[in-house]
Amino acid sequence: MKSLPAKNWRVLNSCSSSSLADIKEALLKNRGLDDLRISTDFFADLTDVELDVLSVLSPNDLSAALALIKEAISSNLPIIIHGDYDVDGISATAILWETIYRGLRYKNCRPYIPNRFEDGYGLSSSSVVACGKLAESLGGTLRQAQGKLGLLITVDCGITAVKSVEEATELGFKVLVIDHHQKPENELPECQFLWSEKLCAGGLAYFLAQALLPGSTGLDLATLATIADLQPLTGLNRSLVKKGLVMLNKSSRIGLQALREVAGLRGKNLGVYEVGWALGPRLNASGRLETALDSLRLLCTTNETEAHDLALKLSEVNNLRQAKTAEMLSHAENLLVEKADSAVIVAGDSSYHEGVIGLVAGKLCQKYHRPTVVVSIGEEFSKGSARSITGFNIVEALRSASHLLENVGGHPAAAGFTIKTSNLPEFEQALQAYSKEILTEELLTPDLKVDLCLPLDVVAWELYDLVSQFEPFGLGNPEPVFCSNGVTVVDVRRMGSTNKHLSLMLRSNNSSFRAVGFGMGETEAELKPGAKVDVAYTLSKNEWQGRRSLELIVKDIKNVAIHL
């Protein structure tokens, strides 16, 4: 596989003013924002929020979902909440179960988390049968008039499960699908929906819970789900996460406290990074390698000993997951040597663990900036996971070969599918042919989006404070990147235990800043004191022994020129 091409700097705004007001206006414009206000009223009382929530959720669908739940409770019928095995699905399940079981004190409610290896993805025939047996044990009646078995609520799955919803209805369930995945092109399941692509399942579950029981808990879990599921942090999501991180940091949920402890985050502030890279992977790991029930138990437990034991177990499973990911990534890269001209990266092997293929696909996609499919090959059926780059809808690409697939679902950037192993060669040919029509050289060249070019002299604490107002950063609301041209390198050296990182001292006129380039140690040989460079960077606050300093985090360096 060819190495990653040089980054193309795309400056998003041509504003040449150095005033903070003009810089703020440019940053807002780059993100499609009108202002930095967040919506907070809906956290107090959902019924008062017409514009914020109901612009994302259909009011008719919300009313219908509430009616189904209240009808099941008034009829004393079982409510089964069928989740998914990732952080979003687990969190959404926990939110609804706690609201109904604890908040509304309705004890005829049970959660069900499918097993990746036994039930497959989402709502399946296997998981429908399991939910039917669970409902029957709670007093529901199998194969009677619709609804006599109870209410089956799916969260983070179900929008494409036409056959499985039909099977659930035939068993005697009424079905409510709460999902955010891309709707199928042709046929929808025959049931009630609460659907939106603007919120993850955790966010949808949270607002439904607020409508059921205003002031109920769950904002901490909705925040966890939104960050871990890589939702765009704009609009309602940004408001939720901005408010939710405050709640998450002071959450009394003992499972989260135990997880912070084993992740080395006790006493530290939880931000988007800590949630996305420390807590989220530990909660995800159990569903990838074993059963996600342990993660659900951790979020819901009220027993400190159980919380501690579960947190330790999840951390150990995550260590195993990391080792498997590294092993599979190395193997996959060796397979790519002869596929240098492929439009899409496709790697598969019978040794690949199906719970980790999505992670490997993500790492390959990031490293080579190409849409990537990684397949765990089985004797009769194989499981695939796909990740994509901006501008290439991977679900549409997979659906172009749907005649070869057993099922497919996901987002434009990430998707999964099942395929007969005998169809894999034809599938890869069809996918490559489809992709070559769409993947231009421009799409395959990674962009470094730069908000503004500024003189280095403008960088000061006032600019840092302005940038901080845009937090929390994430997909859709990235941390502002600036560039300064013709900056002088005063000092350069490698840093870190393996000399992997780069430390610079940069100067322009009367302004000097320390700059750090993580993973950029190899560029040290190209840089000499006195060199003039263009540098792209974000701003960072370094605090050490009671003193603080403003640093630059280098994203890229180009146009190196030596001046003697």
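In this predicted model, the side chains of Glu 71 and Lys 174 meet in a salt bridge, with a nitrogen-to-oxygen distance of 3.1 Å. Glu 71 belongs to helix α2 (residues 59–74) and Lys 174 to strand β5 (residues 173–179), so this pair ties together parts of the chain that are 103 residues apart in sequence. Glu 71 counts as partly exposed because its relative accessibility is 35%, and Lys 174, at 26% relative accessibility, likewise counts as partly exposed. The structure holds 12 salt bridges, and two further ones can be followed here.

In one of them, the side chains of Glu 98 and Arg 102 meet at 3.2 Å, N to O. Both residues lie in helix α3 (residues 87–103), where they are four residues apart, about one turn of the helix. An α-helix has 3.6 residues a turn, so residues three or four places apart point the same way. Glu 98 is buried, with a relative accessible area of 8%, whereas Arg 102, at 35% relative accessibility, counts as partly exposed. The other salt bridge is formed by Glu 354 with Lys 383, whose closest N and O atoms are 3.4 Å apart. This pair links distant parts of the chain, since Glu 354 lies in the loop between β7 (345–349) and α13 (357–368) while Lys 383 lies in strand β9 (residues 381–387), 29 residues apart. Lys 383 counts as partly exposed, at 24% relative accessibility. Salt bridges that share partners also join Glu 98, Arg 102, Asp 220 and Arg 253 into one network.

Helix α3 also carries an aromatic pair. The structure holds seven aromatic pairs, and in one of them the rings of Trp 97 and Tyr 101 have their centres 4.7 Å apart and their planes at 15 degrees, so the pair is stacked. Trp 97 and Tyr 101 both lie in α3, four residues apart, about one turn of the helix. Trp 97 counts as buried at 13% relative accessibility, while Tyr 101 is partly exposed, with a relative accessible area of 22%. Phe 482 and Tyr 537 form another aromatic pair, one that is tilted, with 6.4 Å from centre to centre and 45 degrees between the planes. Here the partners come from distant parts of the chain, Phe 482 from strand β14 and Tyr 537 from strand β17 (residues 532–544), 55 residues apart, and both Phe 482 and Tyr 537 are buried.

From these individual pairs we can turn to the nonpolar interior. In soluble globular proteins, nonpolar side chains tend to be buried together. The largest nonpolar core in this model has 69 residues, and those with the most contacts inside it are Ile 69, Ile 79, Ile 153, Ile 178, Leu 208 and Leu 224. Helix α6 (residues 201–212) gives the most to this core, with nine residues. Apart from this core lies another, of 38 residues, among them Leu 33, Leu 454, Phe 470 and Ala 531. When its neighbours within four places in sequence are left aside, Ile 178 is in contact with Leu 96, Ile 153, Thr 154, Val 155, Asp 156, Cys 157, Leu 194, Leu 204 and Leu 208.

Asp 156, one of the residues in contact with Ile 178, has a backbone feature of its own: although it is not a glycine, its phi is positive, at about 70 degrees. Asp 156 lies in the loop between β4 (150–155) and α5 (162–171), and it is buried, with a relative accessible area of 0%. Asn 76, also a residue other than glycine, has a positive phi near 55 degrees, and it is placed in the loop between α2 and β2 (79–82). At 52% relative accessibility, Asn 76 counts as exposed. A further backbone feature is the cis peptide bond that joins Glu 471 and Pro 472, with omega about 0 degrees; Pro 472 lies in the loop between α17 (461–468) and β14 (482–495).

Definitions and conventions
Residues are numbered from 1 along each chain as its sequence is written. This is a predicted model: local features need pLDDT of at least 70, side-chain atom pairs count only at pLDDT 80 or more; totals for chains, interfaces and linings use all residues. Side-chain values use heavy atoms; hydrogens and water are left out. A nonpolar core is a set of buried Ala, Val, Leu, Ile, Met, Phe, Trp, Tyr and Cys residues joined through side-chain atoms within 4.5 Å. Buried means under 20% relative accessible area, exposed over 50%, partly exposed in between (1.4 Å probe, protein chains only). Helices (H or I, at least four residues) and strands (E, at least two) are DSSP runs, numbered from the N terminus. Contact means heavy atoms within 4.5 Å. A salt bridge is a side-chain nitrogen of Lys or Arg within 4 Å of a carboxyl oxygen of Asp or Glu. Rings of Phe, Tyr and Trp (its six-membered ring) pair if their centres lie within 6.5 Å; planes under 30 degrees apart count as stacked, over 60 as edge-to-face and the rest as tilted.
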